[in-house]
Amino acid sequence: MRSLARNNVVVKGTGKRPIMFSHGFGCDQNMWRFVAPRFEEDHKVVLFDHVGFGGSDLSVYDPGKYGSLQGYVDDVLEICRELDLADVIFVGHSVSAMIGILAAIRDPERIGALVLVGPSPRYINDDGYVGGFTREDVEGLLDSLDSNYLGWSSAMAPVIMGNADRPELGQELTNSFCRTNPEVARQFARVTFLSDNRTDLASVRVPTLVLQCSDDVIAPDAVGEFVHRSIPGSTLVRMRATGHCPNLSAPEETTGAIREFIESLS
Amino acid sequence: MTREPQESDDRLIAEDAESLYEEAPCGYLYTRPDGTLLRVNRTFLEWTGFERAELVGRRFQDLLSIGGRIFHETHFAPLLHMQGFVSEIALDIVTKSGGLLPVLVNSVQKRDAAGLPVLNRTTVFNATDRKKYERELQAARKRAEESARAKSELLSTISHDMRSPLGAILAAAQLLERSGLTPPQQTYVRVLRSSSEALLNLVNHVLDLSRIASGRTTLERRPFDLRQLVLDVMTTLNVRAEEKNLTLRVAIDDDVPDAVLGDPVKLGQILTNLVANAVKFTERGSVAVTVRVKSMAAGRVELDFSVADTGIGIPADRLPHIFEEFTQASYEVGATYGGSGLGLAIVRRLLALHGSEITVESVVDQGSIFRFTIAFEPVDAARAAAADIGRNEAIAGSRMLSGLRALLVDDNAFDAFVLGRALTSWAVTHDVCPTIDQAARQLRDAVYDVVVLSARTANGDVPQAAAHLSAASGRSVPVFVLARSAAEAAALSPGGAIADVLPKPVDTSVLFAKLASVPK
């Protein structure tokens, strides 16, 4: 049961059909704290942290393995194997949407349906394709990550330290939200923002829901439409929720959309 | 004279609070939960160069640099939603003129009675100076890291190129040793050999360390016999301990699993470095290794290891530094004892790979104790046996040597223990005597097929001691002599009562073959 400790896997719920929630860049499974509990009654809910984030085992972080999304795909499928899951509804946020797509292509028996929250197969604009960022934007971001030891990914530390006067928060804060190792965050940003998975979309053979937010800086409308057009038979739902994290800002709407999709499967 | 606060005071304070809001030394913003700006104070406008009207309808995150915007969406906003506040996030605001203003941002989310977020209050601190210092620090750190990397690469390249010629020097010295030299020549060759060995040891340490530092070292997972590994390490180092008349002790708890899944090479390196150090820095007394179970759960056993010595100890003010590279407790230590100063640095890094740390307690002139904990996965015996060649040899041995009666004559309890363990695994019944006299009495009282005699215990005249023992048995039992070194083994030739000579540390497969030739 290697992967269960490695990825801090948490299994909850009393239902049969497995639903797996996969967090995006910059946070951990806490991202699903308002959404996942609502599926516990009739699903087997599986939560986990990608290696380098949250409560995962940082000691197994291997820059080679996690130098491409395939390393994360390996982990997802290994969790499914070790928990003996089949026909999983995989809910992936942000970069995890692409991880889910690659997993579903590799093993459609395990990953039986996809819910993609704010997916983007390519962040950089390219010859008629609108990704939302120019190459300079992304390189500027990566440069600032490379040179910024104290700012970006370690920006979380002061939040934890700054709570001496609120000890009741201390324990949870030091142990939970969005813990990120700076080195890992830097490499994950690179993998996330430089990958190009546009050609993979056409190979998806499982039922797919695309959840597109309004005003999403990270994954604009045009990108959601591109994903929808490229995945055969997929459903696109435009949400009223704004920003990149409807799972936090609009849990009701997000839950409703996922439920409607699941009902349409049976 | 005091007076009660009056209504006019409240008004004055309210007016002043308003101007405090506008002119405070930080930016104050109110936004909707989605970031839309509702109210901005004058300080913020002055810093950014915007007019109030230009910010109406814009969102806070739209004012950030691209990198900051991504950070806002992936970190800042989620965190604010989850915990209701964020503190001291470093971001860059793009000012009206296009410049970047480094800021530290704090936000608090206001919620309504139903717990839904309705308003964010954000405080912005100007971090221009701090950012400048951070950049300088980063640049300095980067330079230092690069220079350290360049140095260690150079060192690693040189070390690598030194290894082959050193190997050749050592091999030549060993050949020379066996070529019938005069006593002074033998001394010169011994110096040549021990110096080359020390140098090779240093070179190997440098290479080990640079390999770990470069991240090329990963942990293996394969089944191994933990007891055997500890004993192998001790057996190798017992030769050096014996030269200094030190006692080596091993205590492994009975509930420590025989076979575990882990990295035997790395554990061997850790123990070898620690025990070698302990032997090196101990002049009198003992070196003891213990292994105990700290916790046991399904599929996971945590083992506490300790290496204790009765050596020179480490002064308290040097303790924090002994795990640093190229560091020894003092200049005198380096001069007296030699060594690379890398052993403990390697141990520390190898333990870090295991997610573990080493601790040390030490009292000057009394000794030191090093402790660490590693978690392994226990392996069931059948699976371990398949992977363990030693065990198969033991099974074959129990058929070939079963019934053989041996007397071990060795005053080194550790060697006797290790050898006894091998004999037991081959089903050879045996007794141990620490002195020649006791052994002679034992041989008169009981019947043995073979005597295994440590040259050290024979105390000088090995052939005579062998003859004495053989005669005492009354049936001329063959005597196998265990020499202290290859050189001593070469000097002692079989003949008379001496059936054969083997150097310590004993290669058990060679001993096995020798014993197989003894008539029962």
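These legends walk through close-up views of a predicted model.

**Figure 1. The two chains at a glance.**
Let's start with chain A, which is built from 10 helices and 7 strands. Its 266 residues are 49% buried. Now look at who touches whom: among the contacts in chain A with a separation of 6 or more, 73% link residues 24 or more positions apart. Chain B has 18 helices and 17 strands. Of the 520 residues in chain B, 35% are buried. If you take the contacts in chain B between residues at least 6 apart in sequence, 63% of them join residues at least 24 apart.

Back at A:F90, skip the neighbours within four places in sequence and see what is left: A:F90 is in contact with A:M20, A:S22, A:G100, A:A103, A:A104, A:I111 and A:L114.

**Figure 2. Helices α8 and α10 of chain B cross each other.**
Here you see α8 (residues 264-280) and α10 (residues 343-353) of chain B, whose axes come within 9 Å. Are these two helices roughly parallel or roughly antiparallel? Their axes cross at roughly 150°. Angles over 145 degrees count as roughly antiparallel, so that is the label for α8(B) and α10(B). The crossing is left-handed. On the α8(B) side, the residues that meet α10(B) are B:K266, B:Q269, B:I270, B:N273, B:L274, B:A276 and B:N277. Their partners in α10(B) are B:G343, B:L344, B:I346, B:V347, B:L350, B:L351 and B:L353. Sort the residues of this contact by type and you get 9 nonpolar, 4 polar and 1 charged.

**Figure 3. Helices α14 and α16 of chain B make another crossing.**
This pair is α14 (residues 436-445) and α16 (residues 462-473) of chain B. Their axes come within 7 Å and cross at roughly 25°. That angle makes α14(B) roughly parallel to α16(B), and the crossing is right-handed. From α14(B), look for B:I436, B:A439, B:A440, B:L443 and B:R444. They meet B:A465, B:H468, B:L469, B:A472 and B:S473 in α16(B). This contact contains 7 nonpolar residues, 2 polar ones and 1 charged one.

**Figure 4. B:L248 sits in strand β7 of chain B.**
The strand runs over residues 247-252. Is B:L248 buried or exposed? It has 24 C-beta neighbours inside 10 Å, so B:L248 counts as buried. Leaving out residues up to four places away in sequence, B:L248 touches B:M234, B:N238, B:A241, B:V287 and B:F414. Take a look at B:F414 here: B:L248 and B:F414 are 166 residues apart along the chain, yet their C-alpha atoms are separated by 6.0 Å.

**Figure 5. B:R222 belongs to strand β6 of chain B.**
Strand β6 covers residues 222-225. With 12 other C-beta atoms within 10 Å, B:R222 is exposed. B:R222 and B:L261 are 39 residues apart in sequence, but 5.0 Å apart in space, C-alpha to C-alpha.

**Figure 6. A:D87 and B:D365 have a positive phi.**
At A:D87, phi is near 55°. Where is A:D87 found? It lies in the loop between α2 (69-82) and β4 (88-93) of chain A. A:D87 has 15 other C-beta atoms within 10 Å and is partly exposed. Over in chain B, B:D365 has a phi of about 70°. B:D365 is in the loop between β11 (358-363) and β12 (367-378) of chain B. How many other C-beta atoms lie within 10 Å of B:D365? There are 8, so B:D365 is exposed.

Conventions. Residues are numbered from 1 along each chain as its sequence is written. Chains are lettered from A and ligands numbered from 1 in the order in which they are written. This is a predicted model: local features need pLDDT of at least 70, side-chain atom pairs count only at pLDDT 80 or more; totals for chains, interfaces and linings use all residues. Two residues are in contact if their C-beta atoms, placed from the backbone, lie within 7 Å. Helices (H or I, at least four residues) and strands (E, at least two) are DSSP runs, numbered from the N terminus. A residue is buried if 20 or more other C-beta atoms lie within 10 Å of its own, exposed if 12 or fewer, and partly exposed in between; C-beta atoms are placed from the backbone. Axes are lines fitted to C-alpha atoms, for helices over the stretch in contact, and angles run from 0 to 180 degrees between N-to-C directions. Angles under 35 degrees count as roughly parallel, over 145 as roughly antiparallel, 65 to 115 as roughly perpendicular and the rest as oblique. A crossing is left-handed if the near helix is turned anticlockwise from the far one by less than a right angle, and right-handed if clockwise. Ala, Val, Leu, Ile, Met, Phe, Trp, Tyr, Cys and Pro count as nonpolar, Asp, Glu, Lys and Arg as charged, and the others, Gly among them, as polar.
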